[in-house]
Amino acid sequence: MVFLYTKVINITKQVDTPKVSADEATATIQVNTFTPSAGNVYGADTFKESKIGGTWIVKQGIKGIIRNKSAATRIVTETMGSKAGRTFSIYYYDITGGLEPLLSWADLPAQAAFDATLRSLMEAGVTRADATNVAQAIKIAISLFI
């Protein structure tokens, strides 16, 4: 978004002689101030911001995780390490069982997938640290499955 502010400043010129008209005595100057933003500094096509959080994106990512265990395990292993990958692989059906009800939600943020994964793993007896690592990897994997 480009912000451009315009200020109007009235400047009065002091005149010694009475022969100057009123138009010449008062001048209006417009001052345009430039406020930099990502769009007007880099250009609209150069700077792209990637966001995760749209309901459709999150649902497609969850469906990708549910449908493709091996790819999801590989992504979790690559992003959070081999221990998180093993934990994900062992508790895959617990995780997908927690993620499937989210698909019926009308508004689904990526944080809900994180919370559902964390809750499912904690209920299955995984330590909080390992469950957090896997849940964070799931949040990352959702963006990669699109």
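Predicted model: local features only at pLDDT ≥ 70, side-chain atom pairs only at ≥ 80, totals over all residues.
The secondary structure amounts to 8 helices and 2 strands, and if you follow the chain along its sequence, the order of elements reads β-α-β-α-α-α-α-α-α-α. As for how the chain folds back on itself, among the contacts between residues at least 6 apart in sequence, 61% join residues that are at least 24 apart.

Let me turn to how some of the helices pack. Two packed helices are described by the angle between their axes and by the distance between those axes. For helix H7, residues 110-123, and helix H8, residues 128-144, the angle is about 145° and the axes are 8 Å apart, and the crossing of H7 and H8 is right-handed. On the H7 side the contact includes Ala110, Phe114, Leu118 and Met122, while on the H8 side the residues taking part include Arg128, Ala131, Val134 and Ile142. Sorted by class, this contact of H7 with H8 has 11 nonpolar, 4 polar and 2 charged residues.

Staying with this pair of helices, aspartate 115 lies in H7, and with a relative accessible area of 33% it is partly exposed. Its C-alpha atom and that of alanine 135 are separated by 7.3 Å, although aspartate 115 and alanine 135 are 20 residues apart along the chain. From the C-alpha atom of glycine 125 to that of tyrosine 91, which is 34 residues away along the chain, the separation is 10.0 Å.

Next, a word about charge pairs. Side chains of opposite charge can pair when their charged atoms come close. How many salt bridges does a search of the whole structure find? The search finds 1 salt bridge, and lysine 83 forms it with aspartate 130, with the closest N and O atoms 3.5 Å apart. This pair links distant parts of the chain, since lysine 83 sits in helix H5, residues 82-90, and aspartate 130 in helix H8, 47 residues away. Aspartate 130 counts as buried, because its relative accessibility is 17% and buried means under 20%.

Finally, consider threonine 73, which lies in helix H4, residues 69-80, and which is also buried, with a relative accessible area of 17%. If we leave aside residues up to four places away in sequence, threonine 73 touches Gly85, Phe88 and Ser89.

How values were computed:
Residues numbered from 1 in each chain as written. Heavy atoms only, no water. Axes fitted to C-alpha atoms, helices over the stretch in contact; angles between N-to-C directions. Helix = DSSP H or I, 4+ residues; strand = E, 2+ residues; numbered from the N terminus. Left-handed = near helix turned anticlockwise from the far one by under 90°. Contact = heavy atoms within 4.5 Å. Nonpolar A, V, L, I, M, F, W, Y, C, P; charged D, E, K, R; others polar. Salt bridge = Lys/Arg side-chain N within 4 Å of Asp/Glu carboxyl O. Buried < 20%, exposed > 50% of the residue type's maximum accessible area, 1.4 Å probe, protein only.
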